[in-house]
Each structure stands twice: as C-alpha cells, then as structure tokens.
Amino acid sequence: MPLKKILFKPGVNKENTRYTTEGGWYEADKIRFRQGNPESIGGWVQTSTNVFLGICRSLWNWVLLDGRNIIGVGTNLKFYLENGGAYYDITPLRASSTINNNPFVATNGSATITVTDTAHGASTGDFVTFSGAVGLGGNITAAVLNANYQITVLTSSTYTFTATATANATDASGSPGGGAVVLAAYEISVGPAVQIPLVGWGAGGWGLGTWGNGLASASALRIWSQQNFGEDLVFNPRGGGLYYWDASGTLTTRGVLVSSLPGADAEVPSVVNLVAVSDTSRFVFCFGCDDYGSAVLNPMLIRWSDQEDILTWNPATTNQAGSTTLSHGSQIIAVVQSRQEQVVFTDSAVYSLQYLGPPVVWQTQLLGDNTSIYGPNAAAVASGIVYWMGIDKFYKYDGRVQTLNCDLRRYIFNDINRDQNLQVFAGVNEGFNEVWWFYCSEGSTTVNRYVIYNYLENEGKGVWYYGTMGRTAWLDSGLRDFPIAATYTLNLVEHENGINDNETSTTQPLDAYVSSAEFDIEDGHSFGFIWRIVPDLTFGDSTNSPTAVSPRVTMSLLGLSNSGSGVLNTASALVTKGSNFVITEEFTGQIFTRIRGRQMIFKIASNQINTAWQLGAPRIDIRPDGRR
C-alpha cells in the first residue's frame, strides 16, 4: 500500500470510547492546537527568587500614576503588592495596642518565645508585629523581638512564636522581659488554604438540617476580591471587611477599613463577600453584604457607593448610592465585568447589572435561570464573551446564556473534587485564544489539573484539551508581557516565556504528549503491519541543550488485536532535530518499526529541556497482514 498520512481532527475528545473517536485525539498533557495541529505549550519562568507566605488565590494588575506596575497578591495568610519582583506586605490590622509589662518569656536553648497579652483575641496561625520592645539581654535582642511573627495560641491571654534566634541562659534569666511599652499590631485573622468539609452535629447554621445530623458544609477558603479605584486599591477577603490601600503612601503602607477613612459615612458595608468597581462610571460594588443599619450578611444583596466616591454609601437624593436584592438563588457566587455590564452569578441564575442613571441608577436583568457556577473564580471574559464552569457543564454568555459543548465533560466532572469547589479558577490566555480552568482531581485537595477551551480553533467551533499542572491563581494582563500564575512554590511565574519549566532555579523539561484514538484499515477486518514512519514536524523554538543533546521527540505506535484487548505491542523511536537548518527543518528522515495490530494508537511525546515541537502530517507504511 502507499504511504498513509496520519491526520487527526483538532482537539481532544474523551466523550466516547477510544475506538468510536477514530480520527481524533484522545489523551494529552501540556499541548495545544494551532491551526488544527498539536504542539507543546510554552514554558514558564519565575518572576523573581522572592516568595510570599500562604497560598495565593487572587491576582490583580494595574499601574500607578508614577508608572509603577503593581500586582495585588492575596493569599490565605497575607495580602501583598508585587512590584519589580518584590512582595510588600499590606495586610490590614485587626487591632493594635500596648500589651502587658514585660510580656516575653524565653527558655534557654529554645527559639520559642511565650507572650502574655490578656486581650489578644487572636487565633493560631495569625500574625503579629511587635515594636518598642527591648532585648532580653542575650541572643533575643530588640531587633529579634521587633518583627513580624506567626503565632500559636495557648490560652486567651498567652501565645507563642518562633524567634529568628535561639535564646541563651542570659535571655532566660532576663525573662519575663521586653519592657513596659511593647506595642502589638495584630493582622486580620488568616484563612484556610483548603476547604474542610464539615458534616454531622454542629455543621451548618443553628437549626439547619435534621436533629442530630446538622448540615453538610465547609469552612470557607480564604479568597480575596480586588480591583483598583483609580490608582488606589479596594480589596476584600470573602466574608470579611472592605479595605482600601492609598497609593499616595508607600508600598508598605497597610490597607485600612474603608469605614475608617476620613469622611466615610456610617453605612459603609462591614461584611462583604465580593467587591468590584465599574470600569467607566466608577461605582464600588459589594456583592453579598450587610444591609443598611445591620451587621448581618445578606448573601443576595448588592450595594453600591456613590459615583466616584468610595466613602458615601447611604442613599440620598443628592447621591447615587443604592442597593438591590436578587431573587433567584440563595447566594451570590461570582461577578465579572463584561463590556458595559456586571455579570452576576448566583448559585442558580445569571444576572446582568447595568447602569441607567438616576433615579434607578443600577438595574438588574435575569439572563438565565437553572444554571450553576463552580466557585467565585470560575468565570472569565475572553474577546467580550463570558465563559464559566458550572457544577456539571460549561457555559458562555455572548448576549444570551448558552451551554458550551464540551468534548471532555464526562472526563472532567467524573474526576473532580467537589468538596474543593472554591479552589476552581478560570483564566484567559488571550495570545492563544484560550480559556483555562484549573481544578482539583477527585483524590486531591490541591489544584493539579487544567482544562482548556480554544474558542477560535476548528473554524471557530472551538476545541478542548487538558493536562496536569499545579497553579492557584491566574492573570492575563495587557500591562505585563506574559500571563502570570501563582504556584505552590509560593511565587509567581510568567507563562509562555521560554519552552522549559523554570518555576524554581532548576530548569525542568515539559512532559508534553498527545495520543490518538484507535485507527485501523478496513474497519479492523485484517491486521495491519507497519514497518516505518516518515515524520513530519517542526522543532520551532527548540535550541541545543547545554548537554549537547539535540532536541527530540518520541513517536510511538501502540498495537491492539481488537479495541478491547489492551495494548499488545509498542514500537517507539526518537525523532531528533538536525544540527542546522535555514528554511526547511532537518530531523530524522524515517523511523523503522515492526508492529502489528487490528487497531493502532499514534503518540508523540517529549520530556527534554529546550524542546518545543509542532506535529505536521507524518506518514506510515501500513499493509494488510492477515486476519489473525
């Protein structure tokens, strides 16, 4: 028989059996499709060697009037401003006061310091900054004490922290010490890094669930919402206060409650789930918050400030502050801004919030009912269209709410940890026309998988592909050169920068591959015998590695006697990039194999630094080889 081209449809499809999906791709990791052909994705590079504390769940980018490019970084422990690779701690304070006389006690040979503060009100894991303390006489100097520490609570009046030095006998004999005027500044309480499902007695609110059983619930994951208000920043931990950072200060100036700002009225929301700022008319919104004259959170209430005024929240004939309560659903989950509207998601509906001007000011319109969304960060806007992950399907809103056809729906939703829904987040990679969703697989409490929807491939019909990756937040901003993501190594990385994994100082290769569905000749009536492959690919941005090993990929054929037999034999060989090329690529001309089967699977893979590839149309020499 003549050589046969291997050409498959773009995208990965796992909705049917591997044999039913003949003519397409079935498995993949760290690849994308460009004009119908698979290629390895771009690499990533750490923005700096600096790290932050906690798991980052929120990123926001804006530029100050003096030109400084800032990213707000919200973690479960802290809130930072990133600039030039450095992280500046602006976590708001909960309380600040002078504590007990000589509050520090040290033990010889230990770095653990015990602190007495009769009204600290802190919890284990919280942070405190001491100032005004004097040293204990030995290694525990004033510089050691006057620092920021994470604490372990012992009682309502005592806690411990681990100092940056080990106490000696002089410190122990000088205890209790520290002086008479020690100031302790307590940061707002930290939040969980993962959701902790709660069931049984005491789970859920008072009176909820059947007697003795309670109601299934989960401790709230610490998620921040943030947006710039001019060059300043308004930000909020879900279920917490409304905070403000003033750019006229320094990058180390802490955020403060909006209600504490001079001129703030008495109706500034005190407990908020989500905060947003309208782009053109500059209203500040609180989604899920306390009502006027109340301190109880209403999860379906929307309130907004006066236009261009974050201090005025009490409605009057002289301002445009106001509120509205949504009716479909039990709580507002998420909000994104699209064109000239805020798209608001409850747990069962989608609303549009649009500016009409006085006296209505902002009006809601129900866009879709009986919908769902997986979490506060599960929606993203790409090319003016809103995409989001529901609890069992994907959606888009382009003027009307529609279900998004997904070729990976069963694969994703049959293996996802629903107890970690708040960890799901979406991101846009505009340069490649992609929307990414990151999530936890069923057996994982950390984000370890992603799924991508490319909305322009396949003649605009869109294609899907997936893979494995640990990320905690994503930001695609036109103010930075590359998409930014937060990692579990507590740093930020620039995606699509290079072709390797440079999350740490040690360069690692990308483990990228794609394998096809099963294909055959004559519908599997006879066995096929393949004795050679003629490769066709480009090595693109590949470079010769420091070990002088040329970039290469592995092409494999996997043979089956029938679609249910499992792989019986495999033939693999390396395709190596040539040393020189000008116009045409140079690589291994042909691969000789000996493989037999009624069905075959084709696979291309790479796992070597400095290797990037795009598959073309390789050919195989295949001929009938009997019926058994």
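A salt bridge is a side-chain nitrogen of Lys or Arg within 4 Å of a carboxyl oxygen of Asp or Glu. The structure is a predicted model, in which local features need pLDDT of at least 70 and side-chain atom pairs count only at pLDDT 80 or more, while totals for chains, interfaces and linings use all residues. Residues are numbered from 1 along each chain as its sequence is written, and side-chain values use heavy atoms, with hydrogens and water left out.

**Salt bridges**

Across the whole structure, 14 salt bridges are found. Side chains of opposite charge can pair when their charged atoms come close.

| Pair | N to O distance |
|---|---|
| K30 and D29 | 3.4 Å |
| E82 and R480 | 2.8 Å |
| R532 and D621 | 2.6 Å |

Burial is given by relative accessible area: buried means under 20%, exposed over 50%, and partly exposed in between, with a 1.4 Å probe and protein chains only. K30 is buried at 10%, and D29 is buried at 9%. E82 is also buried, with a relative accessible area of 2%.

Helices (H or I, at least four residues) and strands (E, at least two) are DSSP runs, numbered from the N terminus. In the pair R532 and D621, both residues are buried. R532 belongs to strand β44 and D621 to strand β51 (residues 619–624), and the two are 89 residues apart. Separately, K78, D89, E187 and R254 are linked in a network of salt bridges.

**The sheet containing β44 and β51**

Strands β1, β51, β44 and β48 form, in that order, an open sheet with antiparallel pairing. β1 (4–5) and β48 (591–597) stand at the edges with a single partner strand each, so one side of each has no neighbour in the sheet. Two strands pair if DSSP finds at least two bridges between them. Between β44 (residues 528–534) and β48 there are five bridges, in the antiparallel sense. I533 has I591 in β48 as its bridge partner.

**Surroundings of T611**

T611 sits in the loop between β49 (599–606) and β50 (614–615). T611 is buried, at 5% relative accessible area. Beyond its neighbours within four places in sequence, T611 is in contact (heavy atoms within 4.5 Å) with residues including S40, I499, N500 and R552. A polar atom of the T611 side chain lies 3.4 Å from the backbone oxygen of Q608.

How values were computed. Polar contact = N/O pair within 3.5 Å; in protein donor to acceptor, adjacent residues only side chain to side chain.
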